[in-house]
Amino acid sequence: MTNNGNHNGKAVHVIGGGLAGSEAAFQIAARGVPVILHEMRPVRMTDAHQTEGLAELVCSNSFRSDDAETNAVGVLHQEMRMMGSVIMTAADRHKVPAGGALAVDRDGFSDCVQQMLTEHPLITLERGEVTEIPADWGQVIIATGPLTSPALAEMVREFGGEDELAFFDAIAPIVHYDSINMDVAWFQSRYDKSTDGGDGKDYINCPLDKPQYEAFITALLDGEKMSFREWEENTPYFEGCMPIEIMASRGHETLRFGPMKPVGLTNAHDGSRPHAVIQLRQDNALGTLYNMVGFQTKLKYAEQVRVFQTIPGLESAQFARLGGLHRNTFINAPRLLDDQLRMKGWPTLRFAGQITGVEGYIESAAIGLMAGIMAAAQATDSDWTPPPVDTAHGALLAHITGGADADTFQPMNVNFGLFPPIDLVITPNGKKRKLRGRERKMAYSARALDSFAGWAGLMKAA
Ligand SMILES: Cc1cc2nc3c(=O)[nH]c(=O)nc-3n(C[C@H](O)[C@H](O)[C@H](O)COP(=O)(O)OP(=O)(O)OC[C@H]3O[C@@H](n4cnc5c(N)ncnc54)[C@H](O)[C@@H]3O)c2cc1C
């Protein structure tokens, strides 16, 4: 993309100076396009932010693994570094010892981002809440995060549709398909019903007999739970996203009449009728991830792994993400956004960050990075080339703009389950060999970084 400064004098308005908005503003300005960055703090605070600093980290000070050889998060870090990311520059300058993780001094980090942005001649920082989009604004990026102010959330809900904006992250655990024991589980839809011309085998079923079901309910009830934060307690949640342990506490049979009902299913391995089942539904177009249907939970993470690995077929389950329920404002991106993060029907309005349904500081910043480059390309009539889908950026973008199932869409961290699978390698003597474990992760990482280097050569700011 060339930086010809041809932006028709119109600044891009970025709403929200968090991880995503800061990165988006930086990338736009780096391409010669002026930006007005709107941050409501300190005029109006959120329930979690404590300062008025840009890119404040609201909780942990960690950007998670920095291992770009075998970890998808580390790969994302490295790709962002290749693009001259302001978030990664500040993180690297202010890192503190944390083993293989990238952790930062939170104040030093936030001050550094703020300084790099406010010193940029093309970036203007305006403090104040944005509650609607004025008609004379040109391009806009909404990057207001999980705690988007209610007035702006209402505006988004009115345009996008009542059911397309969520206020709670009610996540059921998501499992890597290749870790499910299909010698125990089997594919079948209840009553073999098919949707959209399918074959009646849309779900993976894990069977429980009566003693296994009883033991499972007891483990759910006894398991240690996470508590709601004080301000989350006042946000209503609906029956549709009720945690399973709350359902179980209403009676031992409740789950057997809810998400664990065994009707219309026959065990394909031995012809028996299960007493109860856990069903998993495909979660991404690649078919590498499956979510546990109806299994949103407040169990602590370690408890989830312990309890869910007692389910027949899931003894060795690897979780792409564990279940949870917490306050989080996000849109149904696969339904509402086009492949350039623009609201369908509103070509000058983009979304970035956690509000697009990614989860985590670095994922949010990465979506900000891409939204910024897209907006700059649009402002300068330059070409936008999407990052290849086998890169961490490309995999995340493809997931939220279409790869994820819109009906069950929930926020997602970056993980190799989002990447096109690499299962086999050809050995020197011409045979096919299955890649496993560390070797497989290394193959994903190397492929991603190699592909991304080519893309960065094309799209990095001059
Ligand atoms: C309580 C809590 C704890 C979390 N802990 C972690 C964690 O430990 N690790 C992790 O990786 N992720 C964590 N997350 C997720 C984390 O928030 C996001 O990953 C990340 O901060 C999202 O980046 P963002 O830029 O999308 O939103 P934010 O960083 O939240 O930035 C959004 C910005 O928009 C501003 N804003 C909101 N509404 C308006 C408006 N109408 N006008 C102008 N400005 C507005 C806000 O003040 C804020 O500065 C947590 C989230 C929450 C809510």
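This is a predicted model: local features need pLDDT of at least 70, side-chain atom pairs count only at pLDDT 80 or more; totals for chains, interfaces and linings use all residues.
How many bridges join strand E7 (residues 140-142) to strand E17 (residues 346-351), and do the two run parallel or antiparallel?

Residues are numbered from 1 along each chain as its sequence is written. Helices (H or I, at least four residues) and strands (E, at least two) are DSSP runs, numbered from the N terminus, and two strands pair if DSSP finds at least two bridges between them.

To the opening question, then: E7 and E17 are joined by 3 bridges and run parallel. Within this pair, Ile 141 stands opposite Arg 350 in E17. E17 also pairs with strand E16 (residues 342-343), in the antiparallel sense and over 2 bridges. Here Met 343 has Trp 346 of E17 as its bridge partner. E16 and E17 form a hairpin with 2 residues between them, and Gly 345 in the turn has a positive phi of about 85 degrees.

Let me turn to the protein as a whole. It contains 13 helices and 19 strands. For 462 residues, a compact globule would have a radius of gyration near 23 Å, and the protein agrees, with 23 Å; this radius is taken over C-alpha atoms, and the globule rule is 2.2 Å times the number of residues to the power 0.38. The C-alpha trace spans about 70 × 65 × 50 Å along its principal axes.

Of the 462 residues, 46% are buried; a residue is buried if 20 or more other C-beta atoms lie within 10 Å of its own, exposed if 12 or fewer, and partly exposed in between, with C-beta atoms placed from the backbone. A nonpolar core is a set of buried Ala, Val, Leu, Ile, Met, Phe, Trp, Tyr and Cys residues joined through C-beta atoms within 7 Å. The largest has 91 residues, and Ile 141 is one of those with the most contacts inside it, as is Leu 396. Helix H11 gives the most to this core, with 14 residues. Apart from it lies another core of 37 residues, including Phe 216 and Phe 319.

Leaving aside neighbours within four places in sequence, Leu 396 is in contact (C-beta atoms, placed from the backbone, within 7 Å) with residues including Val 358, Ala 366 and Leu 418.

Next, the open sheets. In the antiparallel pair of strand E12 (residues 276-282) and strand E13 (residues 289-292), joined by 3 bridges, Gln 282 stands opposite Tyr 290. Another open sheet has 3 strands in the order E3-E5-E4, also with antiparallel pairing.

Finally, the ligand. It is surrounded by 33 residues, the closest being Gly 16, Gly 18, Cys 59, Gly 145 and Gly 353; a residue counts here if its C-beta atom, placed from the backbone, lies within 6 Å. Helix H1 (19-30), strand E2 (35-39) and helix H11 (361-379) each give two or more residues to this shell, and H1 supplies the largest share, 3 residues.

How values were computed
Two residues are in contact if their C-beta atoms, placed from the backbone, lie within 7 Å.
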